[in-house]
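Take a look at the sequence and the 3D structure below. We'll walk through them together, a few spots at a time.

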Amino acid sequence: MSDDRRVAVIGSGPAGAMAAHELIRKGIPVTLLEAGDDIQHGRLVRIGGINFFRRLPSMQRASGFVATADPNTNFDYTYALGGLSNQWTGAVPRFCAEDFTAGERVHEKFRWPVSYHELAPYYEIAERVMRITADTVDVLNLPAGYCDHRQRIPEDWQAVARSAFNRGQGFTTMPLADGPPLMLLSRGTAFNSYSVLLEKAHKEGAFELVSGAHVLNLEWDGATRKVVAAVYHDRATGTRKRIQASAFMIACGPLNSPKLLFNSACSDHPNGLGNSSGLLGKYLHDHPKEWWPVDLETPITTLARPAYLTRLPHAKSDPLLACSWTIGHLGMASKINSVLRQKSRSFGVQVFGTMIPKEKYYLRPSADRKDDFGLPVLEVHLEFEPEVQSNIAGARDQLLAVLEDAGYKAKIRELVPQLIPGFAKHFGGAARMHASPTYGVTDTYNRLHDVPNVMVVDASSFTTGAEKNPTLTVMALAARAADRLASDLRAM
Ligand SMILES: Cc1cc2nc3c(=O)[nH]c(=O)nc-3n(C[C@H](O)[C@H](O)[C@H](O)COP(=O)(O)OP(=O)(O)OC[C@H]3O[C@@H](n4cnc5c(N)ncnc54)[C@H](O)[C@@H]3O)c2cc1C
């Protein structure tokens, strides 16, 4: 295939690495532009499927953003090969079919332009590269996916599964991309998207990596009505460079991708590339989260792997408001107990909640503040309203009731609130997908409605945010968009 079909992928986190991997697999030449220079080093010692030692690299505060609603908004970030997969935990639940359609109950604008069944083959493509441990059985609100290592929840927890089932919820092993049982790595996570998906692609002529390349804007050509080049700051030389390609897949993460589109404003797209509808940046959403240790009166087998209690049934919930519960270890003693198959009386619970995406929460270029490159700083305008806070607070009694019905009286020892935008690192929605340009910046295949040779393949494209960890869905969407782009380029 000739080089004039070369695609530029921007960002090497899970979204960009997945897109590039799929394009290369389909024979499309790829140039990957990544702002970071290298992967970040850490340490992971995993024996018998348990992480005995894990040192994660620290994050930096991303420059170029300012909070205009909640002053505590967290901007810790990683510019590195692999993006936030240098730090992530690896929880990879699929969305369920209703997660894509439930928003219709509120408004047509909340209907995703892709169904679970269309995405399912791409979920599997992503799962097959991630070395996942999970159970292989569907539970309510969580379809099972492909896994390399099967793990069922222990026998005495089955009473909890039955109690959850009676309430229309599922209870199972949390699908976790944490690699094979034995590992000694000089990075902090088993799945780093760059090292797992792209490091080996270097040996193939079709793949070119340009690291230390912070993309500043995309260059629009009014004559062909396409984007023709990406302009980047080359950190090594401190100069501006330009790279041409036939198509551009933006995967800079849910804040940096919209920023790049705003920075690419030109005379034909004065308010930002892809922003003829005025929607770019709007409907920003995130996961509020909360963590608490729970104490039981009666001991229960210590979980070797985190367990997952799924959301309340869609039909019995306020639309687009839900919570999920991830139940895991409480310190090293708990890990050792799990290896020795001992029982314990306590565990930790991580809750993620949702919010209804609203137009009034947005990203917007600041009128007067500039970033390190002289480009407008992005205002991040998001806060968790009382209804969002009470939704997540309701998760406390809901879990205690499930446990009590299963015969386990439980008490929350303390609350560790984490209700700060940006804390979960699950922002999304600012270049939302919708079949209609009236409601979406991106279309069914993540292409800008206004500029079809540009795709946004990270969580910016989420139409709504389910209560599930987003990255697997991001990767599935990226693989699907890459598959479609490859077919289109091959047909040219
Ligand atoms: C501690 C922690 C735990 C987490 N745990 C989970 C979990 O268990 N499950 C889950 O689903 N998610 C988890 N996440 C979130 C997950 O890491 C992100 O959802 C995921 O990394 C998003 O992938 P991405 O490729 O869209 O973006 P990123 O990972 O942010 O990657 C974007 C890449 O683009 C590069 N970039 C940005 N701007 C530019 C530019 N202008 N030019 C060139 N390159 C650019 C960045 O350097 C980066 O490499 C966690 C995050 C953290 C921090």
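Is Ala69 buried, partly exposed or exposed? Keep in mind that this is a predicted model.

## Ala69, out in a loop

Ala69 counts as partly exposed, because its relative accessibility is 21% and the cut-off for buried is under 20%. To find Ala69, go to the loop between β6 (65-67) and β7 (76-77).

What does Ala69 touch once you skip residues up to four places away in sequence? The answer is Val380, His381, Leu382 and Glu383. Now try Ala69 and Ile24: they sit 45 residues apart in sequence, and their C-alpha atoms are 41 Å apart in space.

## The largest nonpolar core

Let's move on to the inside. In soluble globular proteins, nonpolar side chains tend to be buried together. Here the largest nonpolar core has 59 residues, and the members that touch the most others are Val7, Leu23, Met130, Leu198, Met249 and Val457. Which elements give two or more residues to this core? They are the helices α1 (14-25), α3 (116-128), α5 (193-197) and α9 (471-491), plus the strands β1 (7-10), β2 (30-34) and β16 (247-250). The largest share, twelve residues, comes from α9.

Leu23 is a handy one to click on. Setting aside neighbours within four places in sequence, Leu23 is in contact with Val7, Val9, Ile28, Val30, Met249, Ala482, Leu485 and Ala486. Another core, of 45 residues, lies apart from this one, and its members include Cys252, Leu273, Leu280 and Val451.

## Around the ligand

Next, the ligand. There are 35 residues around the ligand, and Glu34, Tyr77, Leu84, Ala91 and Thr471 come nearest. Sorted by class, this shell has 17 nonpolar, 15 polar and three charged residues.

Which parts of the protein pair up with nitrogen or oxygen atoms of the ligand? Thr89 has a polar backbone atom 3.1 Å from a ligand nitrogen. Pro470 puts a backbone N or O atom 3.4 Å from a ligand oxygen. With Thr471 the side chain takes part: one of its N or O atoms is 2.8 Å from an oxygen of the ligand. How much of the ligand does the protein cover? On its own the ligand has 990 Å² of accessible area, and the protein covers 93% of that.

The largest share, three residues, comes from β13.

## Helix α4 and its cover

Now find helix α4, residues 158-166. Its buried residues are Gln158, Ala159, Val160, Ala161, Ser163 and Ala164. What covers them? The cover includes β10 (171-173), β18 (307-309) and α8 (386-405).

After α4 comes Gly168, which has a positive phi, near 85 degrees.

## Asp178, a buried charged residue

Follow the chain to the loop between β10 and β11 (183-185), where you'll find Asp178. Is Asp178 buried or exposed? Asp178 counts as buried, because its relative accessibility is 6%.

So what is around this side chain? The side chain of Asp178 makes a polar contact, at 2.7 Å, with the side chain of Arg305. Not counting residues up to four places away in sequence, Asp178 touches Arg46, Arg131, Thr133, Met183, Ala190 and Arg305.

Thr301 is part of strand β17 (residues 289-301). Thr301 counts as buried because its relative accessible area is 18%, with the cut-off being under 20%. Leaving out neighbours within four places in sequence, Thr301 is in contact with Pro154, Asp156, Trp157, Gln342 and Lys343.

Finally, check two backbone angles. Tyr283 isn't a glycine, yet its phi is positive, near 70 degrees. Tyr283 lies in the loop between α6 (256-263) and β17, and it is buried, with a relative accessible area of 5%. Leu320 also has a positive phi in a residue other than glycine, near 65 degrees. You'll find Leu320 in the loop between β18 and β19 (323-328), where it is buried, with a relative accessible area of 11%.

Technical notes: Residues numbered from 1 in each chain as written. Predicted model: local features only at pLDDT ≥ 70, side-chain atom pairs only at ≥ 80, totals over all residues. Heavy atoms only, no water. Core = buried A, V, L, I, M, F, W, Y, C linked by side-chain atoms within 4.5 Å. Buried < 20%, exposed > 50% of the residue type's maximum accessible area, 1.4 Å probe, protein only. Helix = DSSP H or I, 4+ residues; strand = E, 2+ residues; numbered from the N terminus. Contact = heavy atoms within 4.5 Å. Near = heavy atom within 4 Å. Polar contact = N/O pair within 3.5 Å; in protein donor to acceptor, adjacent residues only side chain to side chain. Areas by Shrake-Rupley, 256 points an atom, 1.4 Å probe, with all protein chains shown as cover. Nonpolar A, V, L, I, M, F, W, Y, C, P; charged D, E, K, R; others polar.
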